[in-house]
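Please examine the structure shown below together with its sequence.

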Amino acid sequence: MSVLLQMAMFPTDHGESKSEYVAEVIKVIRESGFPYQLTPMATIIETEKLSDALNIIQKCYDTLDRLDCNRVYAPITFDIRKGHKNRLKGKVKSIENKIGEVSK
C-alpha cells in the first residue's frame with residue numbers, strides 16, 4: 001500500500017514569518033525516515049501504512065506544541081492506494097513519460 005500525505009503545519013500565533021517553525025516540522029519529517037518532498041506550499045510524504053502517516057502528523061504537532069504554539073494550522077490531504085509503492089516519484093515519472101522532464 002502507498003499512503004501519500006500532503007501537509008503543511010505552522011503556528012498562526014507567532015508573527016508573519018513561519019520558516020523557523022516549518023524547519024522544525026521538516027526535521028521531524030526527515031527524521032521519520034520516510035521519503036518526502038518539500039515544496040514551497042506543502043510537504044509530501046510517502047508511507048506504507050496510514051498509521052505511520054498519522055504518527056508523523058502527531059509528532060509534528062507535538063513539536064510545535066513544545067515550541068509554545070497556541071494555534072496551529074494544518075491542511076492535510078491523503079491519497080491511499082493499495083497494491084502500489086514508490087508513488088512519490090512514480091506519479092511524477094508518469095507525467096514525464098508523457099511530456100518530458102518537468103520542474104521539481
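Aspartate 79 has a relative accessibility of 29% and is therefore classed as partly exposed; buried means under 20% relative accessible area, exposed over 50%, and partly exposed in between, with a 1.4 Å probe and protein chains only. The model is predicted, so local features need pLDDT of at least 70 and side-chain atom pairs count only at pLDDT 80 or more, while totals for chains, interfaces and linings use all residues. Residues are numbered from 1 along each chain as its sequence is written, and side-chain values use heavy atoms, with hydrogens and water left out.

Aspartate 79 takes part in salt bridges with arginine 87 and with lysine 91. A salt bridge is defined as a side-chain nitrogen of Lys or Arg within 4 Å of a carboxyl oxygen of Asp or Glu. By this rule, the model holds three salt bridges, which are listed in the table.

| Salt bridge | N to O distance |
|---|---|
| Glutamate 24 and lysine 27 | 3.1 Å |
| Arginine 87 and aspartate 79 | 3.2 Å |
| Aspartate 79 and lysine 91 | 3.0 Å |

Through shared partners, the salt bridges join Asp79, Arg87 and Lys91 into one network. Helices (H or I, at least four residues) and strands (E, at least two) are DSSP runs, numbered from the N terminus. Is arginine 87 buried or partly exposed? Arginine 87 has a relative accessible area of 7% and is buried, whereas lysine 91 is partly exposed at 43%.

The remaining pair is found in helix α1 (residues 19-32), where glutamate 24 and lysine 27 are three residues apart, about one turn of the helix. Glutamate 24 is partly exposed at 27% relative accessibility, and lysine 27 is partly exposed at 34%.

Met1, Leu50, Leu54, Ile76, Phe78 and Ile80 make a nonpolar surface patch of about 460 Å². Patches are made of residues with over 30% relative accessible area and no salt bridge, where like charges are joined within 9 Å and nonpolar side chains (Val, Leu, Ile, Met, Phe, Trp, Tyr) within 5 Å. Accessible areas come from the Shrake-Rupley method with a 1.4 Å probe, and for residues only the protein chains shown count as cover. Both α2 (50-66) and β6 supply at least two residues of the patch, and β6 gives the largest share, three residues. Phenylalanine 78 lies in strand β6 and is partly exposed at 33% relative accessibility.

Strand β6 is part of an open sheet of four strands, in the order β3-β4-β1-β6 with antiparallel pairing; two strands pair if DSSP finds at least two bridges between them. The edge strands, β3 (36-38) and β6, each pair on one side only. Strand β1 (residues 2-7) runs antiparallel to β6 and is joined to β6 by six bridges. Leucine 4 stands opposite aspartate 79 in β6.
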